[in-house]
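Work through the following exercises with the sequence and the model in view. Each task is followed by a solution that goes step by step.

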Amino acid sequence: MPLNPAERQEFLAQPHIGALSVDAGPGRGPLTVPIWYQYRPGGELWLVTGAESQKIRALRAAGRFTLMVQRVEPTVRYVSVEGPILRISEMTDEEHREVAARYLPADQVDGYLRAAEAFGAMVTVHMRPEHWLSADLGGDNY
């Protein structure tokens, strides 16, 4: 059963690991990789990647991407969003801290941020969700 708009936005706002998919070019399937992201209901979705990564090259070329998030317990539930890239910008220290704090325990954030300095330049990619797919495949649906 599909989620209603409020349910799917709330689910997407939770800290799931996303599966990013973007066109990888002629003769290739989509590039699909796990990724951290940030989303607030009604707002833009954004993610962080390396400024020279294969992901950012594919994202720049395609101009849009899909992100799918899911859980398997207590029921299988997922949300998938697709839309245009609004902007790509150099990641700020505040954005890096925000996304790290979304996924890591508070006592690990500073250590992660120190270690992440070795990643090199990072960027944020902002997308406006245009197309949504969602389902909750458990509970009273059977």
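**Exercise 1.** Determine what the buried residues of H3 pack against, and which residues of H3 these are.

*Solution.* The buried residues of H3 pack against helix H1 (5–13), strand E3 (37–39), strand E4 (45–50), E6, H4 and strand E7 (122–127), where contact means heavy atoms within 4.5 Å. Helices (H or I, at least four residues) and strands (E, at least two) are DSSP runs, numbered from the N terminus. The model is a predicted one, in which local features need pLDDT of at least 70 and side-chain atom pairs count only at pLDDT 80 or more, while totals for chains, interfaces and linings use all residues. Residues are numbered from 1 along each chain as its sequence is written, and side-chain values use heavy atoms, with hydrogens and water left out.

The next step is to list the residues themselves: Glu95, His96, Val99, Ala100, Arg102 and Tyr103 are buried in H3. They cover an arc of only 155° around the axis, which puts them on the same side of H3; the arc is that of the directions from the helix axis to the C-beta atoms. The face of H3 turned away from this buried side carries the exposed residues Asp93 and Glu94. Buried here means under 20% relative accessible area, exposed over 50%, and partly exposed in between (1.4 Å probe, protein chains only).

**Exercise 2.** Describe how H3 and H4 pack, by angle and by the distance between their axes.

*Solution.* Helix H3 (residues 93–103) packs with helix H4 (residues 106–116) at an angle of about 130°, and their axes are 10 Å apart. Axes are lines fitted to C-alpha atoms, for helices over the stretch in contact, and angles run from 0 to 180 degrees between N-to-C directions. H3 and H4 are therefore oblique to each other, since angles under 35 degrees count as roughly parallel, over 145 as roughly antiparallel, 65 to 115 as roughly perpendicular and the rest as oblique.

At the level of residues, His96, Arg97, Ala100 and Ala101 in H3 meet Val109, Asp110, Tyr112, Leu113 and Ala116 in H4. By class, this contact of H3 with H4 has 6 nonpolar, 1 polar and 2 charged residues (Ala, Val, Leu, Ile, Met, Phe, Trp, Tyr, Cys and Pro count as nonpolar, Asp, Glu, Lys and Arg as charged, and the others, Gly among them, as polar).

**Exercise 3.** Which residues of H2 are buried, and what covers them?

*Solution.* Ile56, Ala58 and Leu59 are the buried residues of H2. Seen down the axis of H2, they fall within an arc of 160°, so they line one face of the helix. Their cover includes E1, strand E2 (31–35), E4, E5, E6 and E7. On the other side of H2, Arg57, Arg60 and Ala61 are exposed, Arg60 with a relative accessible area of 51%. Gly63, whose phi is positive, near 80°, follows H2.
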